[in-house]
Amino acid sequence: MKLRIAAALLTVTTLSILSLSAQGQLPRMPDGNPDLSGMWDNPKPASGPPRGPATVFDKSLFPPFKPGGEALFYEPRTGDARHDEPRAFCMPSGFPSAFLGPYPIQFVQNQKYLVMVGEFMRVTRIIPLDGRPHQADIEPTFYGDPVGRWEGDTLVIDTANFKRWSLDDYYYTDSKEYRMHSDAFHTIERLRRTDMNTIAYDFTVDDPKIFTRPWTEKWQLKLHPEWEKTGLYEMVCEENNRCPGGNCRK
Amino acid sequence: MKARIAACAAAALVAATVFVSAHHSAVAEYDLEKPVKMSGTVTKVEWTNPHIWFYVDVKNSDGTVTNWGFSGAPPGVLQRRGIMKTSMKPGDVIVVEGFRARDGSSNASGNNVTFPDGRRVFTAMEGFQQR
């Protein structure tokens with residue numbers, strides 16, 4: 001009986017794959033919107049060489065700074081982990097930084113929400129897909145307030161209400177300084193599944209306290225169905241926090 | 001099968017070249033100008049997040065022994081590469097390559113581990129070409 005069920009499932013799966021391939025169709029939700037569910041690798045530049053261990057924003061794309069913006073953006077290191085790298089003692093990375101490192105991200109979707117779960121610290125974004133506006137009068141957060149809407153087959157996620165925090169993993173590429181966004185930071189993500197294994201991921205940074213205009217990175221996400229078997233591994237930073245309170249122990 | 005996984009892991013990982021930690025401050029904690037290569041006996045393995053730590057008794061030239069601590073990638077990252085909790089055990093004699101801690105302690109990053117059978121695995125976060 002088990003064998004028969006397995007064979008039937010295999011047949012259905014194979015037919016589905018063939019059907020997808022033959023019709024050039026991509027997975028969709030019952031309401032017809034694209035289904036982005038799956039295990040995805042962290043965002044990487046859609047073209048050009050890798051820029052580091054994790055994805056960092058491309059300096060060459062930056063627009064001119066506003067007066068005082070550069071000083072707000074580049075934060076010199078002091079040698080004190082509490083200032084230089086709060087993540088060293090398990091403070092949050094925030095968005096987008098937590099999703100840019102070399103860890104899988106699982107997308108779980110229904111018609112109301114897209115849930116992005118990063119393996120790194122199990123960070124979670126719950127993104128409503130009904131086009132609602134941002135919440136008013138909420139406290140700024142590390143991960144911001146994301147709201148989503150469909151523009152055809154493109155999912156547009158607008159995130160605002162951030163507190164000033166690390167922008168990306170530039171920290172790991174420069175020993176003298178790191179980069180921070182301001183509390184006016186605002187991001188617009190555009191996700192469009194271009195084939196079964198790829199999401200074109202355009203990421204717009206809008207930080208009007210720092211830059212004279214927004215700029216957009218062209219990234220992509222690649223599907224890794226083989227990671228489904230084990231799923232995301234647990235990652236609890238406090239399990240072996242070597243720097244509790246910023247005081248690193250030997 | 002296990003041997004095949006190990007061989008695949010070894011082949012894939014040796015290809016990765018340069019160390020980095022995407023959580024802790026690798027650049028701040030470890031001095032990339034001070035590479036180390038040491039041989040000794042594993043005394044303890046902490047298979048914990050956010051980074052594994054393993055400790056190795058290394059014999060000094062004067063006959064004394066120093067217990068060195070090495071940090072590597074998180075357990076999940078290593079498991080996805082086929083490196084499991086049982087891959088390294090107390091008593092194993094290994095060679096470790098990494099970078100010494102800036103604070104002068106007997107800690108270092110554990111980038112590559114070579115086992116007695118010659119298998120060399122990459123135990124740090126997946127690498128990028130150092131620029």
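This is a predicted model: local features need pLDDT of at least 70, side-chain atom pairs count only at pLDDT 80 or more; totals for chains, interfaces and linings use all residues.
Pro45(A) has Trp219(A), in strand 13 of chain A, as its bridge partner. Strand 2 of chain A is joined by two bridges to strand 13, residues 215-222 of that chain, and the two run antiparallel.

Six strands of chain A make up an open, antiparallel sheet, and their order is 2-13-12-11-8-7. Which strands stand at the edges? They are strand 2, residues 44-45, and strand 7, residues 145-151; each has a single partner strand, so one side of each is left without a neighbour in the sheet.

I turn now to the nonpolar cores. The largest comprises 41 residues, and the most contacts inside it belong to Leu36(A), Trp40(A), Ala98(A), Phe107(A), Leu114(A), Phe120(A) and Met121(A). At least two residues of this core come from each of the following strands of chain A: strand 1 (38-40), strand 4 (105-109), strand 5 (113-118), strand 8 (154-160) and strand 10 (177-181).

If neighbours within four places in sequence are set aside, Phe107(A) contacts Leu36(A), Ser37(A), Gly38(A), Trp40(A), Leu114(A) and Met116(A). Another core lies apart from the largest one; it has 21 residues, including Val56(B), Ile83(B), Met88(B) and Val121(B).

That brings me to chain B. Its secondary structure consists of three helices and seven strands, arranged along the sequence as α-α-β-β-β-α-β-β-β-β. Chain B has 131 residues, of which 43% count as buried. Finally, taking contacts in chain B between residues at least 6 apart in sequence, 61% join residues at least 24 apart.

Technical notes. Residues are numbered from 1 along each chain as its sequence is written. Chains are lettered from A and ligands numbered from 1 in the order in which they are written. Two strands pair if DSSP finds at least two bridges between them. Helices (H or I, at least four residues) and strands (E, at least two) are DSSP runs, numbered from the N terminus. A nonpolar core is a set of buried Ala, Val, Leu, Ile, Met, Phe, Trp, Tyr and Cys residues joined through C-beta atoms within 7 Å. A residue is buried if 20 or more other C-beta atoms lie within 10 Å of its own, exposed if 12 or fewer, and partly exposed in between; C-beta atoms are placed from the backbone. Two residues are in contact if their C-beta atoms, placed from the backbone, lie within 7 Å.
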